[in-house]
Amino acid sequence: MKTRRITMAQALIQFLKQQYVERDGREHAFFAGMVGIFGHGNVAGIGQALQQNPDFPYLLVRNEQAGVHMAAGFAKASNRLRTFACTSSIGPGATNMITGAALATINRLPVLLLPGDIFARRNVAPVLQQLESPATQDIGVNDCFKPVSRYWDRIYRPEQLITSLPEAMRVLTSPSDCGAVTLALPQDVQAEAYEYPEELFAKRVWLIRRSEPDKVSLERAVKAIRVAERPLIVAGGGVLMSEASAALGDFVKTTGIPVAETQAGKGALAWDHSLVVGAIGATGSLAANRLANAADLIIGIGTRYSDFTSASMTAFQNPQVKFVNINTAEFDAYKVGAIPVVADARVVLEQIGAAVAGHKVSAAYAAEVAELKSNWDAEVDRLFHLGNTGKPAQSEVIGAMCEAAGPRDMLVSAAGSHPGDLHKLWRTRTPNGYHMEYGYSCMGYEIPGAMGAKMADPSREVFVFLGDGTYLMMPTEIATSVQEGVKIIIVLVDNHGFASIGSLSRSLGQEGFGTRYRKRNGKSGQLDGEPVAVDFAANARSLGAHTIKAANLGELKKALEEAKAMDRTTVIVVETDTSVGVPGYESWWDVAVAEVSEMKSVSEARAHYEVARKRERHHL
Ligand SMILES: Cc1ncc(C[n+]2csc(CCOP(=O)(O)OP(=O)(O)O)c2C)c(N)n1
Ligand SMILES: [Mg+2]
């Protein structure tokens, strides 16, 4: 057997460089490189290996969490066909990646995490940043990655790489099981040499399966569609990941079934497609929510039915409602008592389309869908053009961004009040044009996630919608965007705190307590003093961004054009009029209100809550 004597870290990089994926006859490298930060836990192992492999790019980020977000954003915008590996030192560098791991796993996005680990040799323990346990020497902070990883291993001996890496790749390239993969790398083992078999470094192409459905399940699904009078498709992220937009378009063209979209599935079809009724659920459009309410068949495609999609299990009120779930993951396919069709979305849509040929929804239902859609489009137009002359409303900011964005451009966001507004209002024209991280809705994802999206397709302009709260949590990757020449356009909405959680708090009778950026008030002892003024433009400028302040809608529109013409990351700061929000549309979200309290407003909210909860249903 031919072998190569190299370190474990060198072997790892050699292996990663040779991993390719293939789908629909297209083949390319799976890893675009490695992002991370060095410390004593990885500089001598992984760091040295990266240095002698300059053809495997290394991107130095400012925070390990952001590095993982970047990889996740890149993977999401690449429909999971590519990703980055992420390296960190031991201890805090490693645990910084846990939030990123959770985000990736929840959103079913492949990221390879390589946290440094404490000495396998142990004789020098406790090393700097080591968590000790009096009960065992076989534990460390990297064990915290276990529940947030789809695959986890610790490489105590260099030869363990040989069996662990193929498992890591199996999970990373699985359409049903992918998520974060963590390989904890003890720092001494990273630097240890071993005679690795040469075959380990041969090019390997992983086929991304397009799995076929079971025949009987498919027949049952077809039968359910044929007898349904008020069917509705719920398009989830799986439609995009499977690149099934065209197949979905063909299927609805023949059947006339309307399409509602989850956060992850938005943009599967263009917003102005005659059968797209917009967002569904707690942040849904009136059109989609009305149709969902009365639907007798829900065809969920690539959705995991989060509480925002199901409006906390109140969205589907027809007593006869049935579900067909098309999903690569058996786990999701079986949800809500559905007829499960466990297979690739595109394959199933093509096969179901052929099987239901000739079947079409009734003319009455089609007319109802058309009317709801046209009313909804008019409502969005209204919200885009409220006519504020001073500070714009958030919906007007969204409208201006929509108008500034080209058909292929991308919108990236994650947390705050805007994900709900964007879900309702953004007009997506091309698949992946709407990039919302709403599985983990993680403040801080936006800037690094957008950088990942931009790197996945530099030909598309990337617009980021960001709140002041999120900005303050993680602005620092702006410096990385300047370093890497990865340009994004950030629209920073300054509303002096948490509009989202503030209004949620008020709806619970809690008066927005603790959700405004205000100084501690000497008199009340509370955070209700003077506003805490932050100069966001100066802050972003200091990190290397081009910055523009916009005081009204006209200035915002000009700023967006200026930003498009810029060659580096641009931050537009705009204060908004918080008195005009986007309403909800016959939907709700279950956030449990205190059952007993000393506040009348809370007791009142609790009484409403108890009534509203009665609409929650089991779908068995
Ligand atoms: C890391 C993280 N911490 C806390 C939350 C809970 N949370 C959701 S939105 C939000 C406030 C966001 O404020 P901002 O970015 O200013 O947006 P706004 O609500 O004002 O639109 C908070 C704290 C979260 N989603 N992520
Ligand atoms: Mg805010």
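I call a residue buried under 20% relative accessible area, exposed over 50%, and partly exposed in between (1.4 Å probe, protein chains only). The model is predicted, so I took local features only at pLDDT of at least 70 and side-chain atom pairs only at pLDDT 80 or more, while totals for chains, interfaces and linings use all residues. Residues are numbered from 1 along each chain as its sequence is written, chains are lettered from A and ligands numbered from 1 in the order written, and side-chain values use heavy atoms without hydrogens or water.

**Helix H18**

I looked up H18 (residues 446-456) and found it mostly covered, with eleven of its eleven residues buried. Helices here are DSSP runs of H or I with at least four residues, strands are runs of E with at least two, and both are numbered from the N terminus.

**First sheet**

I traced an open sheet of six parallel strands, ordered E5-E4-E6-E7-E9-E8. Two strands count as paired if DSSP finds at least two bridges between them. E5 (58-60) and E8 (151-154) are the edges; each has a single partner strand, so one side of each lacks a neighbour in the sheet. Neighbouring strands are turned by 20 degrees against each other on average, direction ignored. Axes are lines fitted to C-alpha atoms, for helices over the stretch in contact, and angles run from 0 to 180 degrees between N-to-C directions.

E8 runs parallel to E9 (residues 180-186), joined by four bridges. Aspartate 153 faces leucine 183 of E9 there. Helix H3 (residues 64-77) packs on this sheet, touching E4, E5, E6 and E7, and makes about 170 degrees with E6. Contact means heavy atoms within 4.5 Å.

**Glutamine 187**

Is glutamine 187 buried or exposed? Glutamine 187 is buried, at 16% relative accessible area. Its place is in helix H7 (residues 187-190). Leaving out residues up to four places away in sequence, I list its contacts as His40, Gly41, Ile90, Asp117, Ile118 and Phe119.

I found another open sheet of six strands with parallel pairing, in the order E14-E13-E12-E15-E16-E17. E14 (276-279) and E17 (339-342) stand at its edges, each with a single partner strand. E12 (residues 231-235) pairs with E13 (residues 259-261) over three bridges. Alanine 235 has glutamate 261 as its bridge partner. Helix H8 (residues 215-227) packs on the sheet, touching E15, E16 and E17, at about 130 degrees to E17.
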